[in-house]
Amino acid sequence: MSNNIVFLICTEPGRLEQQSLLLAESIRKFGGKLKDTPISSFHPRKGEPISSKTTKLFDSLEVYHQQIILNIEYQDYYLANKIVTSAYAEENIDANFLVFLDSDKCFFAEPQEFLLPINYNIGLRPEYGKGIGSEGKNDIQDDYWQKLYKLLDIKQEIFVRTPIANKKIRGYWNSGIVAARKEAGFFTAWKNNFDKVMRQKLEPPQGNYFTEMAVLSATACSMAEGLYTFSPSYSYPLPLHNRLAKEYKLNSFDKIVSIHYFNMFAYKDWNKQLGNLSNLDSVSEKYQWLIERIVKYNMPYKSVLHRHILELIRIENKLRSFNIDVNLSSLIKRITKL
């Protein structure tokens, strides 16, 4: 029997276990008519399996988990997990819609937009800030995008608006939520393009970390006619709340469909970080439910210094786009053994 929609996630040992559990529980509680949607969890690399505790909790949440080695060629590039998993699911799972979700998500309302409107085959949300993106031909980073488009034979030029600064940039979408009609073959196209780019070793000046999203974006441009943009309430970037342009800022959890919390709850000062989000309703029952689940799943495990190192890495990556090579973060990590 064919499912109308299936959610796809990747779960490997470690912090992804707690994140996937929080994600699944939020869908089951707040997902509305989609709360019983099948959730397929994949462990796509070789290695130790997830814990028996997580397996039991998955069973209670009706999450179907399997360790199947799909990421062979890119074993050391964990971001490829989502690409190979989604392509595999597109070929092997019988459903009208497939939705890939990064595990650092939490839902607070029914994600109706996942059931894409007629004539739309792909659902995405723009990346939050410019990052490796390009504002056009006069942008110093545009050379990379032109090379990418040429390699993948992308003819269409699409521009989007970033939630941070409301900046107009070439189509650059976040890969944390990707919905697609199975018949469109989007996930397979993403993987084929990714393989081609990796073989040519074409990566952004800031490093290979961003390759999977750049290829996602180029692939989306090739299918532009059927591209749907999710509302700002989807994958709302909670840690970036204070930096969002007013057009994209939401001040109540009751207006949010899902959050993207990145590493926010991995740090021991997570409660303080939540408190620093200005004009965000902290009285909501959904907000309180989230607080309780962070404690329940014992999510904090990193020192605050680690977050500062990540910020330093972000600055270093930005400098590399101007051909300034600084690697202070590696030195700090060696000294502190982080």
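## Overall make-up

The protein chain of this predicted model contains 10 helices and 12 strands. Of the 338 residues in the protein chain, 54% are buried. When contacts between residues at least 6 apart in sequence are considered, 76% of them join residues at least 24 apart.

## Packing of helix 5 against helix 6

Helix 5, which spans residues 186-200, packs with helix 6, residues 211-222, at an angle of about 125°, and the two axes lie 9 Å apart. Because of that angle, helix 5 is oblique to helix 6; angles over 145 degrees would have counted as roughly antiparallel, and those from 65 to 115 as roughly perpendicular. The crossing in which helix 5 passes helix 6 is right-handed.

On the helix 5 side, the contact is made by Phe186, Ala189, Trp190, Asn193, Phe194, Val197 and Met198, and these residues meet Thr211, Glu212, Val215, Leu216, Thr219 and Ala220 of helix 6. By residue class, the contact of helix 5 with helix 6 comprises nine nonpolar residues, three polar ones and one that is charged.

## Cysteines

The structure has zero disulfides. A disulfide, in general terms, is a covalent bond that links the sulfur atoms of two cysteines. Cysteine 106 is buried, its relative accessible area being 0%, and cysteine 221 is likewise buried, with a relative accessible area of 0%.

## A buried arginine

Arginine 170 belongs to strand 8, which covers residues 168-170. With a relative accessibility of 1%, arginine 170 counts as buried, since the cut-off for that class is under 20%. Leaving aside residues up to four places away in sequence, arginine 170 touches Ser134, Gly136, Lys137, Asp142, Trp145, Gln146, Tyr149, Glu157, Ile158, Phe159 and Val160; the charged residues Lys137, Asp142 and Glu157 are among them.

## Two residues with positive phi

Lysine 201 is not a glycine, yet its phi is positive, at about 55°. Lysine 201 lies in the loop between helix 5 and helix 6, and its relative accessibility of 72% places it among exposed residues, for which the cut-off is over 50%.

Serine 235, also not a glycine, has a positive phi of about 55°. Its loop runs between strand 10 (227-229) and strand 11 (236-237). Whereas lysine 201 is exposed, serine 235 is buried, with a relative accessible area of 0%.

Definitions and conventions. Residues are numbered from 1 along each chain as its sequence is written. This is a predicted model: local features need pLDDT of at least 70, side-chain atom pairs count only at pLDDT 80 or more; totals for chains, interfaces and linings use all residues. Side-chain values use heavy atoms; hydrogens and water are left out. Axes are lines fitted to C-alpha atoms, for helices over the stretch in contact, and angles run from 0 to 180 degrees between N-to-C directions. Helices (H or I, at least four residues) and strands (E, at least two) are DSSP runs, numbered from the N terminus. Angles under 35 degrees count as roughly parallel, over 145 as roughly antiparallel, 65 to 115 as roughly perpendicular and the rest as oblique. A crossing is left-handed if the near helix is turned anticlockwise from the far one by less than a right angle, and right-handed if clockwise. Contact means heavy atoms within 4.5 Å. A disulfide is a pair of cysteine sulfur atoms within 2.5 Å. Buried means under 20% relative accessible area, exposed over 50%, partly exposed in between (1.4 Å probe, protein chains only).
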